[in-house]
Structures are given as C-alpha cells and as structure tokens.
Amino acid sequence: MDNNDSNNVMDVPIGHHSLSHAYSTYLAHDEEEQSHWEDVCRSYRQYATFAMAQWASYQYRLQALPEDQRSCLPAALRREAPEFQERARLYKEAAIRNQFCLDCILRHIGQPISQDVLSSKPLTTTTSSSSQSEARLSMKHSTDAQMSKVSSVLKSLVRDWSVEGKQERDLTYKPMMEKVQRYLPTTRMPNKPQLDSNGSSASSFAPSAPRLCIPGAGVGRLACELAALGYDVQGNEFSLYMLLASDFILNGGMATPDRPLRISPYLLESRNVHSSADPSRPIAIPDVDPYQMIMSATTALLTTADGNDDEMNQVESLTNGDHQVQNNDEDGEDDGVDCQPRFSMAAGEFVSIYSNPREKDSWDGFVACFFLDTAPCIVEYITVMHHCLKPGGFVFHFGPLLWHWSGPAMRPDDKTWDEYENRYSYLDPKYMTSVDFSWEDVRAIFLNVGFEIVEENIGSQAMYTSDRRSMMNMTYHCVEFVARKKCTEIPLGATTEASSSDGASVKKTESTSLR
C-alpha cells in the first residue's frame, strides 16, 4: 500500500453522510489491498456465525461430561431445562445485536451484509461474476486472528462511544486534552491583511487552530474531542477494522444518542465471568453525537467573534449540515474568516504517511495515546514526529510500553541468526526486527533526536477496553509525558545526556502506586 498517496487522507465532513471515504481509499489501490478489504468485510459478516459456533462448542463440552457430573450442573446448563433455553436465547440475541451493528457498518460502505451472503444462490454456470464472487466469499471462513480483531472493534466502540467507557476515557483522554490546552491553547489571531472598500489594510480575526495529529486514532473519540475544542485535527489509523467503524460512527448518521445501537462486546469472553448475563448485557453506542459535538463548539466559538453577519451566516450554514471541509492555501495560511472545523482521517501506516517531505515542520502537536509501543522500532516513530513538528511543537503521550511487535528470544540451539529466523519464518518480519526499550531508553532517544522533556509522570494508572464486570482486568502503570521539539535542531547522531542538564525545565512526578 502506497501510504504516501494523497488519497489516503480522508476528510471527514462531520454531519455530511456520504459513501464511505475509507471504501474509496482502499479500493483505489492494488490487488493485495483489495484482498485485505474483502478479508475484513468477510470477518465482519461472519461474527454471528463464529459466535454461535463458540456456543455449540460449549454445549458439546457440557454433553461430553460423565452423567454423574452433568447431574451436578445448574438447570441453566442442562438442555432439557427452561433455564437453559432462556440462557441460549440471551446469548443468541446478543450475537444478533453485534452482527446487526457490524452489518450497519458494512451497509454504510456499500458492502453485502451477513444476510445478503447467507441468502445468496448456489453457484451455476449462469451465475453472474459478481454473484460468484459473493458466493466464494461466503464459502471461505475468516481466521481466529481476524475474528479477534472484530471483537476488538466492538470493545473499542464501547471504550470510545459509550457511557460505560467514560471511566477509561477520563483516565487517559481527559489528562491528555488538559495538557494540549495548556501547552497549545486555541487563540484568536489576525489573518492575512485584507483591503477594505477604501483600499486600506485591515485584519480579520478568526481562530488560529493548532494542527494536531492523533496517531493510532482507533474509532475516533479522542480526535473528535480535540476537534470539538477548536483544534485542526487529523486522526491516523492503520487498521482497516477500526477505520470502517470510525467512519460509520463519524459519518454514518444511523446511530445517535436518541436512537443508539446496542452491542454486547464481551460476548465471546468465557473466563473470569461473574454472572452468565454479564457477557451478553447490551451497551448503547454512541453516548454523544459527533456532529453535534463539533458543531456546538464551532457555534460557541463564532458567537464570541465580532458578530458580523457573514460569520453568523456561516454558523447557520454549518448547523444546517452544509459543511464542507476546506483546504488551506498552498502557503498554509487562510484567506478571510474560516471558522469551519478541520477534521480528517489519514488511513495508512504512520511512518509511510508522515515521513513524506510535505509534512515537514507542518504540525503543532502529536497526541499519542497507547500508540508509541505499536512501533517495530520506536526510533523511527520519534524521528518522524520530529520531522513533522514545527520548532517548539509538542508530543503528548500517555500509555505503557507493551511493544506489540515483541518477538521470541533466540534459543541456545539457534547457532546463527539465520537459524533463528528460519525457526520463526511463519511470523511477520516485524517480530524478528522489533527492539524492546525501557522508558529510560526511550526518554534518552527523545533527547538525542532533538526533543526536551517538559513534563513527565510515571505510574499513571489506566485500563484498555476492559470489562468492568470481569474478575480480571489489566491495569497499566503508564508513562505520561510532554516532549517539545527544540527550536535549534541537533544533528542526528549527536547525543544529549538524559539528565537535568538537557535544557528543559522538567515537571516530573512519580506515582506511589509503583512503590
């Protein structure tokens, strides 16, 4: 996938519901991308099929128990009991709820939904090529890894767009947004001078919105929240699974707080369950309307302006759903008053997109939540951020160092590196080249690349797509920091010691939870 292609950037006109931008992005490329697109859509369609197969597997295991053991089971686990039928009904309804949500996403992008494929006719010599393609899709089953990603989408929708997910968001998104507002406040600055009717120079005032990139944007809540605060925001996401869901939430218009979708994201979890009803419980999404979030913020911003009729007419146009995302002039400056929110999504791999020369010195901040540890080698991520940021620009980070591409260690019988690679040749090459760093090392890399650490907090507790009713949840003790790009660049290769003499006035705290 050529992520340097400009088609990878999807402008998201909040409130303007059209054919999915993600759809046109991915179909515009090569056969490999087309195949991946079909794999993702297939896994969306097959969720309920896999869910019911898991239910059947559980029943087979129960029936395989010796009779004396089955007699000890509660009524809800004995097929002949009414309680069993009730539990089976709740499970099936939850599977249908989840499938309906995924079908809504598929319908939004103009793809066949689960029922379309199930009802497709058998292949014959007279079957059209498009019907044959659909039938072949229905005969191929997704992998377990693909279905796991679909479950992750459902959990992410709850994390980002439900009342139940608010506690997680408050632990992570809230402190990040507070830091962004403190270090990069939105202010009203004069635009380029305009000539009035007398030929005199006059300045018009409009919001000067810092440009923020949100890498690993997931299903879009953090990016949307920042756009609602008045920032010029671009979310970046590599996973097509997440991109389709975020596109639906941001542009679909079908699910609103008044008419929510209800999903059961933890349905396939069978361990650490308190009550059999917990995994199948419905959770409503979304808790807010993304369009209203951004438009209400824009309206409030404009009502603080000078009150001229042109600005108020612009507000009226925006709130009537006529918003179109505007592009800046090539020189990067705006002509006249433009208070429309700028919010886009860039689909593709972070380094491929933002290492492009046109991105150099063009961003005010990166807001990275649970993102840095997705790097095969974090040095590359950090240098790309430094490349993109304007002098004095910031990296805002919150997250652990889980290192998603952490690979297996060499064994004593791996005599050479080639033997080691051959042993694990079935793995993605990123697992074989990834390097795991400590925070101490990561901090030093930031300094050596040309940043200064201006704020640092070790041990901030957070969770990620956790089920509050589960017996087990992972609590991360995260590193939370703000790094600023130095105005005087340091040549790559030069080193800067990670000490108090790095030139930054560092606000550093450490959570007692680690002691």
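The largest nonpolar core of this predicted model comprises 77 residues, and those with the most contacts inside it are Tyr-44, Leu-157, Ile-214, Leu-226, Phe-343 and Val-367. Here a nonpolar core is a set of buried Ala, Val, Leu, Ile, Met, Phe, Trp, Tyr and Cys residues joined through side-chain atoms within 4.5 Å, where buried means under 20% relative accessible area, exposed over 50% and partly exposed in between (1.4 Å probe, protein chains only). Helix H5 (residues 82-108) supplies the largest share of this core, ten residues; helices are DSSP runs of H or I with at least four residues, numbered from the N terminus. A second, separate core of 34 residues includes Phe-371, Ile-378, Ile-382 and Trp-403.

The 15 residues of helix H2 (residues 31-45) should span 21 Å at 1.5 Å a residue, and the end C-alpha atoms are 21 Å apart, which agrees, the expected span being 1.5 Å times one less than the number of residues.

Residues are numbered from 1 along each chain as its sequence is written. Local features need pLDDT of at least 70 and side-chain atom pairs count only at pLDDT 80 or more, while totals for chains, interfaces and linings use all residues, and side-chain values use heavy atoms, with hydrogens and water left out.

Note on methods. Helices (H or I, at least four residues) and strands (E, at least two) are DSSP runs, numbered from the N terminus.
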